[in-house]
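Let's take a friendly walk through a protein model, one topic at a time. Keep the sequence and the 3D view open as you read.

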Amino acid sequence: MRSRLHGAGAVAAATALAVVVAGSWFGYRQLAGPSCSGRIELSLAAAPEIAPAVRAAADQWVSDGAAVGDTCIAVNVSSAEPVDVAAAVASKHGATLAGVGQASGTAITPDVWVPDSSTWLLRLKSGGATAFAPANGASIARSPVVVALPEPVASRIGWPDKKLTWTDLLGQVTSSKPLRAGIVEPTQDAAGLSGLLSLTAAASATGAAGSPKAQEAMVGALRALATNRSSLRQDLLARFPRSSDPTAIANGLGAAALSEEDVIAYNNTKPPIPLAALYLEPAPMPLDYPFAVLPGIEPTKASAARVLFEVLRTSSFKNRLAAQALRAPDGNWGDGFKAPQGAPSPANGGASAVPPSGQGGAADLDPKAIQTATTTWSVATQSGRMLCVVDVSGSMKKPVATANGASREQVTVAAASQGLGLFDDSWSIGLWTFSTNLSGSQDYREVIGIKPLSSNRGALQQGLASIRPSDGDTGLYDTMLAAYKKVQEDWEPGKVNSIVLFTDGKNDDANGISQKALLDQLKKLRDEEQPVQVIIIGIGTEVSRAELKSITDVTGGGSFVTTDPSKIGEIFLQAIALRPPAPR
């Protein structure tokens, strides 16, 4: 769970709200009065920084006689970190989110959720929650994402007079004397994710898409950020210098992607060194606070939620937002809002405050870019021990129509080679190939042993380049059992020990063990104290999803199938990123 610092002051008193809706689109009318035939309990979970404003507005609405028909409404507003609610929703709907982890046993999904960003809704949908279709989702507030720097550091790079870009920041972060940049874990924090998207876009612009130069720039930026990353926002804020002493400033955190609200709240605590908010161009994705009515709630609750949404779009609520250092959805602000120096105003065409649509939300987001950013971050900034096992059976010679005629083997090797560039030297990686009777009667062959990349990278690159398809069949079961034993044999604490196996077919080995024998032996070998995660990536149309899943159901991990082999690179990154955290 991340923490925020709030110093924007208490919520200002607001004019009483009395909303009367008759004959409107939701077909209910609100009645104010003490006579109720029933009671609706509406639960709403909101991001911590907006929760006080939502609670105050809801309480005022209820005290004024909130009702749907002759049924009174009670609203229970709770402050909840978006990552915690996302984990609970993901668990309920069968989604997997890179870097989020499991929901706590006490986590309960609310009727209405107001996270800090629509990216949470999009990530749940693209992460496998196919039935997750929240109603509404329109924004009720906004906070631009900025880069926060201690004012002395910001002054040295031209603030507040010079207009700075993300390319400028990339240069500062990756120079020979780099600016000490940090980030709140972007897989768990929407502002961190927004900053990551902008910085990686700047890195990608340094060369052709997918080129070695662009990948090198991106990986360099990611690892620079990862050096000072934190899972808790409060911890990251605490790393900014707390003294005007030059040594303290030099040793403190120099930059971090945060929300405008974070900077205002931090500066309201009167720190020794205030933070400057840099509104870099191109404008990063802002926090947009969607009002999401979660699927499956009762119709009367859904109707009550629609009325509450209208309450949260009034001018009075804009003033409540201002007291929490938040803007209205259109980027304007209410009474009492004190913008940081250099903050763009929507009245002056400030692009950092309002996107072109003026509304924001999921319509302005690119789900593929978000998924790529979160998976690449997870791969490039974690450490592990992995045995890569590549199918070299005869069917891997088949050409791939969507890859300019390259063979299945070639696209698999290309994906593995590109992925290798994301792993840092703390990884230990080995390489096997398999078919049938590849080494005498043995179905598999060790190409490179599992060793640290610090001494093994060149050998691995050469080993991958040497892979050629054989004329054999697919000795999947014997190979999987041998690979599992090998990784378990030299299991390394503090890392995720894993097998990643690529195959384009079903087990086809007349002399090998049966599926039942494989599963029985894997069950016996499995050790909860020394787990080995198995990731199987099926390529093409000849694989059996059920066969692959039967293996990973026993070992832990996951199976992924792509009928289009040209997509194998994306699947590979997703598979690695979705592994569980290393055991402590």
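## Salt bridges

A salt bridge is counted here when a side-chain nitrogen of Lys or Arg lies within 4 Å of a carboxyl oxygen of Asp or Glu. By this rule there are 17 salt bridges in this structure, which is a predicted model. The general idea is that side chains of opposite charge can pair when their charged atoms come close.

Start with Glu41 and Arg39, whose side chains form a salt bridge with an N to O distance of 2.8 Å. Glu41 counts as partly exposed because its relative accessibility is 42%, while Arg39 is exposed, with a relative accessible area of 58%. Next, look for Asp111 and Lys301, which meet in a salt bridge at 3.4 Å, N to O. This pair links distant parts of the chain: Asp111 sits in the loop between α2 (82-93) and β4 (112-114), Lys301 sits in helix α11 (residues 299-311), and they are 190 residues apart. Are these two residues buried or exposed? Both Asp111 and Lys301 are buried.

A further salt bridge joins Arg457 to Asp425 at 2.9 Å, N to O. Here, too, distant parts of the chain are linked: Arg457 belongs to helix α15 (residues 453-465), and Asp425 to the loop between α14 (408-420) and β13 (428-439), 32 residues apart. Arg457 is partly exposed at 21% relative accessible area, and Asp425 is partly exposed at 43%. Salt bridges that share partners also tie Lys398, Arg408, Asp504 and Glu542 into one network.

## A charged residue without a partner

Now find Arg123 in helix α3 (residues 119-126). Arg123 is buried but has no salt bridge. How far away is the nearest side chain of opposite charge? That side chain belongs to Asp116, and the distance is 9.0 Å, whereas a salt bridge needs the charged atoms to be within 4 Å.

What does Arg123 touch instead? Apart from neighbours within four places in sequence, Arg123 is in contact with Leu97, Ala98, Val100, Pro186, Thr187, Leu193, Ile370 and Thr374.

## The whole chain

Let's step back to the overall picture. The protein chain has 584 residues, of which 55% count as buried, and it contains 19 helices and 17 strands. Its accessible surface comes to about 23700 Å², and 50% of that belongs to carbon and sulfur atoms. Among contacts between residues at least 6 apart in sequence, 80% join residues at least 24 apart.

## An enclosed strand and its neighbours

Eight of its eight residues are buried, so β15 is largely enclosed by the rest of the structure. In a regular strand, side chains alternate between the two faces of the sheet. Both faces of β15 are covered: Val496, Ser498, Val500 and Phe502 are buried on one side, and Asn497, Ile499, Leu501 and Thr503 are buried on the other.

Which strands pair with β15? Strand β12 (residues 384-391) pairs with β15 in the parallel sense over seven bridges, with Gly384 as the bridge partner of Val496. β16 pairs with β15 in the parallel sense over six bridges, and there Phe502 has Ile537 as its bridge partner.

Helix α18 (residues 545-555) has buried residues that include Leu548, Ile551 and Val554. After α18 comes Gly556, with a positive phi near 85°.

## Nonpolar cores

The largest nonpolar core has 75 residues, and those with the most contacts inside it are Leu149, Leu278, Phe423, Phe502, Ile537 and Ile576. A second, separate core has 59 residues, including Val68, Val75, Ala95 and Val311.

## An open sheet

Finally, look for five strands that form an open sheet with mixed pairing, in the order β8-β7-β9-β6-β10. Its edge strands, β8 (229-230) and β10 (275-278), each pair on one side only. Inside this sheet, β7 (residues 181-184) and β9 (residues 255-259) run parallel and are joined by two bridges. Ala181 stands opposite Ala255 in β9.

Key. Residues are numbered from 1 along each chain as its sequence is written. This is a predicted model: local features need pLDDT of at least 70, side-chain atom pairs count only at pLDDT 80 or more; totals for chains, interfaces and linings use all residues. Side-chain values use heavy atoms; hydrogens and water are left out. Two strands pair if DSSP finds at least two bridges between them. Helices (H or I, at least four residues) and strands (E, at least two) are DSSP runs, numbered from the N terminus. Buried means under 20% relative accessible area, exposed over 50%, partly exposed in between (1.4 Å probe, protein chains only). Lys and Arg count as positive and Asp and Glu as negative; His and the chain ends are not counted. Contact means heavy atoms within 4.5 Å. Accessible areas come from the Shrake-Rupley method with a 1.4 Å probe; for residues, only the protein chains shown count as cover. A nonpolar core is a set of buried Ala, Val, Leu, Ile, Met, Phe, Trp, Tyr and Cys residues joined through side-chain atoms within 4.5 Å.
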